[in-house]
Amino acid sequence: MLKKHLIPLTVILGLLLMANVFAYKLPTEVENLKKDNYTNVKKETEEPVFSIAQLEFAEETLPVGDAKVTQKMKRTLASFSYGNLQTNRLHLKAAKWFPIVEPILAAYGIPNDFKYLPLVESGLRGGVSPKGAAGYWQFMPSTARMYGLKVNKKVDERYHLKKSTIAAAKYIKELYGIFDSWTLVAAAYNVGDGHMRRQINRQNQDNYFKMKLNRETGAYVYKLISMKEILENPSRNGYKNQEALIAYKPVEENTTTVE
């Protein structure tokens with residue numbers, strides 16, 4: 001009878017002893033787990049080292065391993081640094097224009113990166129081009145009228161930011177239907193869709209970065225990428241007192257002309 005009671009008692013004592021052992025080890029294992037998780041999170045949030053390969057326009061990247069493209073991108077980006085450009089006006093214009101431009105581009109399905117186009121087109125130089133292009137998006141009079149803008153002796157809606165952006169969005173969307181590439185669309189906006197199509201057929205090439213184009217158009221997308229870089233990462237490009245302009249901010253309907 002005594003043996004029968006001793007066996008269960010021995011089993012119970014053994015279980016209690018094992019429980020104490022696991023209870024003793026558990027805090028150490030939890031501490032290790034927390035430490036590992038903290039280390040992993042810290043590694044994941046470390047800022048990556050900047051490289052030219054990170055730059056892109058509308059999610060279209062530079063060709064990997066192309067030394068000529070890389071050098072051209074470096075030269076163009078350097079020309080946009082504060083040491084060379086030495087202007088904060090671009091940041092002020094961007095802060096004023098983007099809240100109006102961004103929602104319109106989004107409504108037409110145009111990548112947000114095209115908001116940099118009017119800064120390159122008119123923000124750097126302004127005025128009227130030798131060929132007659134004018135306004136925020138540098139429309140020719142005939143093209144402006146084609147996309148719904150009034151251009152006459154009394155009214156020139158190329159200087160109305162909202163209306164001209166709507167016209168530009170329609171034009172850009174139409175260009176994408178032709179070229180199916182946002183970098184080619186940007187280049188075609190600069191040089192004209194007819195000329196761009198002829199160059200694609202003549203060169204049998206539809207990668208913007210590998211095409212031989214005139215000096216202005218051949219540098220155009222590089223300028224857009226550089227503009228994007230200095231506005232999104234001003235401090236590493238020498239603009240010490242500027243905030244990064246990245247976020248899309250919807251705004252209320254605004255029908256007034258922006259000067």
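## Burial and surface

A residue is buried under 20% relative accessible area, exposed over 50%, and partly exposed in between (1.4 Å probe, protein chains only). By that rule, 39% of the 259 residues in the protein chain are buried. The accessible surface of the protein chain is about 16100 Å² (Shrake-Rupley method, 1.4 Å probe; for residues, only the protein chains shown count as cover). Carbon and sulfur atoms hold 56% of that surface.

This is a predicted model: local features need pLDDT of at least 70, side-chain atom pairs count only at pLDDT 80 or more, and totals for chains, interfaces and linings use all residues. Residues are numbered from 1 along each chain as its sequence is written, and side-chain values use heavy atoms, with hydrogens and water left out.

## Fold and contacts

The protein chain has 10 helices and two strands. These are DSSP runs, numbered from the N terminus: helices are H or I with at least four residues, strands are E with at least two. Along the sequence the pattern reads α-β-β-α-α-α-α-α-α-α-α-α.

## Ala94

Ala94 sits in helix α4 (residues 89-107). Ala94 counts as buried because its relative accessibility is 1%. Tyr116 lies 22 residues from Ala94 in sequence. The C-alpha to C-alpha distance between the two is 8.2 Å.

## Salt bridges

Side chains of opposite charge can pair when their charged atoms come close. Here a salt bridge means a side-chain nitrogen of Lys or Arg within 4 Å of a carboxyl oxygen of Asp or Glu. The structure holds seven.

One of them joins Glu56 and Lys228, at 2.8 Å from N to O. This pair links distant parts of the chain, 172 residues apart. Glu56 belongs to strand β1 (residues 56-57), and Lys228 to helix α10 (residues 215-232). Lys228 is buried, at 9% relative accessible area. Glu56 and Lys228 also belong to a salt-bridge network with Asp113.

## Two further pairs

Asp193 pairs with Arg197 in a salt bridge; the closest N and O atoms are 2.7 Å apart. Both residues lie in helix α9 (residues 193-203). They are four residues apart, so about one helical turn separates them. Asp193 is partly exposed at 22% relative accessibility. Arg197 is also partly exposed, at 38%.

Arg236 forms a salt bridge with Glu229, again with closest N and O atoms 2.7 Å apart. Arg236 is partly exposed at 36% relative accessibility, whereas Glu229 is buried at 5% relative accessible area.
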